[in-house]
Amino acid sequence: MSEAAETGALEARRLDLAHGQQRVIEALDLRLPPGRVTAIVGPNGCGKSTLLAGLARLHAPGGGCVLLDGTDIQRLPARELARRLALLPQEAIAPEGLTVRDLIRFGRQPHQGFLRQWSRQDHLAVEAALAAADLLALAERPLEALSGGQRQRAWIAMTIAQQTPLLLLDEPTSALDLGHQLEVFELVRRLAGEGRTLAMVLHDLASACRYADQLVAMRDGRIVAEGAPHEVVTRELVGELYDIDCTLMHDPVTGTPLLTNLRRLS
Amino acid sequence: MSLFPVARDATAAKRAPASALPPPSGCWRLAWQWPGSGEASLLISRRSALANAGLLLALLVASGVYLALGSVHLAPRALVAALVGQGDALAQFMVIELRLPRLVAAWLTGAAFAVAGCLMQTLARNRLATPGIIGIDNGATAFAVASLVGLGVSLAPPAMALAGAATAAAITFGLTAGGGSRGYRFIVAGIGVGAVFGAITQLLLARVDMDTANAAYPWTVGTLNARPPGALLVLGVGLAVGVVMALQLSRALSLMRFSEAIAQGLGSRVARRRWQVLGVSVLLTGLAVAVAGPVGMVGLIGPEIARALSCRRGVPIIASMLAGALVMVLADLVGRVLLAPIELPVGIVTAVVGGPWLLWILLRPHRSLA
């Protein structure tokens with residue numbers, strides 16, 4: 001691997017993505033700032049999950065390209081891409097009977113081969129991922145026996161064990177209660193603190209403001225606003241995204257934008 | 001490597017010296033150095049290794065019993081004598097000429113059906129999706145019968161059965177259009193395709209005279225009695241190739257048990273791997289049907305036993321192979337001995353055992369079918 005070049009800088013240039021015949025995203029430009037957390041927000045069906053899938057090469061683009069450290073991801077071999085970019089999709093299904101450690105070991109697959117099944121690096125990466133996600137005490141538990149938040153952390157730990165500079169998470173906190181959401185967001189912040197680049201699709205604008213460095217707001221397959229949360233979140237933007245009127249305040253503790261007095265615009 | 005693990009690497013290296021890299025629990029790790037190109041390592045699950053050893057032992061014992069029992073029962077000593085070419089000439093003839101080829105046919109067909117079943121179940125992420133249930137067996141049978149009853153096609157049964165298996169698989173996949181190799185839609189389409197091919201087989205047999213129909217009868221139930229040696233040889237070669245390919249695919253197979261986006265995110269070329277897995281499954285099914293007819297239940301029971309015994313992390317190819325052979329040997333043994341001198345075709349024995357098994361899978365409290 002050429003080390004100097006791999007910082008996990010991901011960039012979409014005039015990207016077109018489609019679901020079958022239906023164009024979802026057209027000529028989209030986006031750059032994920034290295035070492036930062038980017039949250040992609042927008043109403044249901046705005047194309048944010050499709051965009052994330054496109055960035056991770058789950059969908060081939062109809063036009064344009066996605067560049068990872070300057071290389072078109074379509075031209076990277078599958079396993080090399082998986083060593084440089086990790087993805088946690090929304091619908092994560094694991095086979096029955098795996099323990100937390102078993103699951104995390106699968107994160108090493110792109111680094112392994114038929115005659116390289118378990119190296120010192122694999123061992124260290126799995127232990128480090130267990131520690132990073134605060135799962136050491138649960139390592140031998142079956143996945144089925146975990147709470148929702150713990151299970152989500154185990155999935156994220158699997159992607160951590162991939163040791164990629166770049167991590168893409170699709171709605172990592174949907175279906176989690178407040179405490180469990182917090183577990184996940186704190187983990188995300190820790191990972192960014194270690195120098196990783198993260199991007200996540202989020203439903204909740206408030207958590208996006210609170211935990212992301214950069215906000216990408218989408219509607220109808222286009223980016224309508226992009227930048228630091230306190231700069232881009234305005235009453236007009238909330239109206240444009242969700243057809244909602246609101247009063248915008250600042251969180252007295254964190255200073256991040258806070259929405260209140262929500263009313264539907266008719 | 002990348003930027004972050006470096007610091008941890010250094011501290012952890014202090015704790016554990018290089019020689020004492022702990023393998024994951026429940027595994028043996030074999031490692032060696034290639035001159036000039038770093039370390040190679042293999043990881044072997046203790047549980048799977050034990051399961052394979054146990055299944056092999058059981059298979060050997062069952063095979064011994066299979067050779068000893070029949071119209072004339074042989075004592076262990078007489079059996080060994082006959083096998084090494086000594087003692088009673090009749091016993092020698094019985095063991096070497098009659099029972100041994102049939103035993104080999106049971107091994108090979110059982111192994112092939114079970115590996116094919118294991119592959120297809122993994123591909124569809126559903127335990128019901130064995131070639132027998134999704135109609136591939138029936139497709140192979142219909143084509144083989146077509147060649148026997150003289151439809152003017154003169155290809156050998158293995159080629160015909162293979163063509164039938166491929167046709168049935170193509171129709172099933174075609175009906176569920178590409179992405180549909182998952183879930184019940186695929187299985188339901190397969191059951192329909194199987195029913196059509198089953199009807200075609202019956203139709204072919206109904207329009208020929210009694211003698212030809214009788215000759216083709218074994219094809220409709222599945223039997224190991226007096227199978228064509230040519231087809232057996234082809235199956236032997238095909239099984240060797242298929243199992244090696246399946247083993248090479250085993251890492252991709254273990255990722256197929258995850259949702260597709262996960263497998264892709266971990267670097268698996270999912271679409272290409274699916275075609276390869278399907279191809280091996282169809283090959284093994286077609287060649288096995290050419291020898292024994294549709295004994296598809298083995299494809300359900302074999303992998304089920306293998307999974308229960310093996311490590312949960314992987315897809316048990318070798319264990320399926322051994323368990324399938326074991327089931328086939330036992331089923332044919334029961335068929336030969338139970339109502340002797342009347343012989344029950346092995347397909348009927350496995351159906352009698354497999355039917356309730358299938359019901360149990362369908363009716364027991366819900367668990368993930370993967």
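In chain B, the axes of helix 4 (residues 89–124) and helix 9 (residues 229–248) come within 10 Å and cross at roughly 35 degrees. Axes here are lines fitted to C-alpha atoms, for helices over the stretch in contact, with angles from 0 to 180 degrees between N-to-C directions. Helices (H or I, at least four residues) and strands (E, at least two) are DSSP runs, numbered from the N terminus. Keep in mind that this is a predicted model: local features need pLDDT of at least 70, side-chain atom pairs count only at pLDDT 80 or more, and totals for chains, interfaces and linings use all residues. Residues are numbered from 1 along each chain as its sequence is written, while chains are lettered from A and ligands numbered from 1 in the order in which they are written.

Among the residues that meet are B:Leu108 and B:Val115 from helix 4 of chain B, and B:Leu235 and B:Gly242 from helix 9 of chain B. Contact means C-beta atoms, placed from the backbone, within 7 Å.

Now the chain interface: 36 residues of chain B are in contact with 41 residues of chain A. Strand 2 of chain B gives the largest share of chain B's side, five residues. Here are the class counts (Ala, Val, Leu, Ile, Met, Phe, Trp, Tyr, Cys and Pro are nonpolar; Asp, Glu, Lys and Arg charged; the others, Gly among them, polar).

| Contact of helix 4 with helix 9, chain B | twelve residues | three residues | no residues |

Conventions. Two residues are in contact if their C-beta atoms, placed from the backbone, lie within 7 Å.
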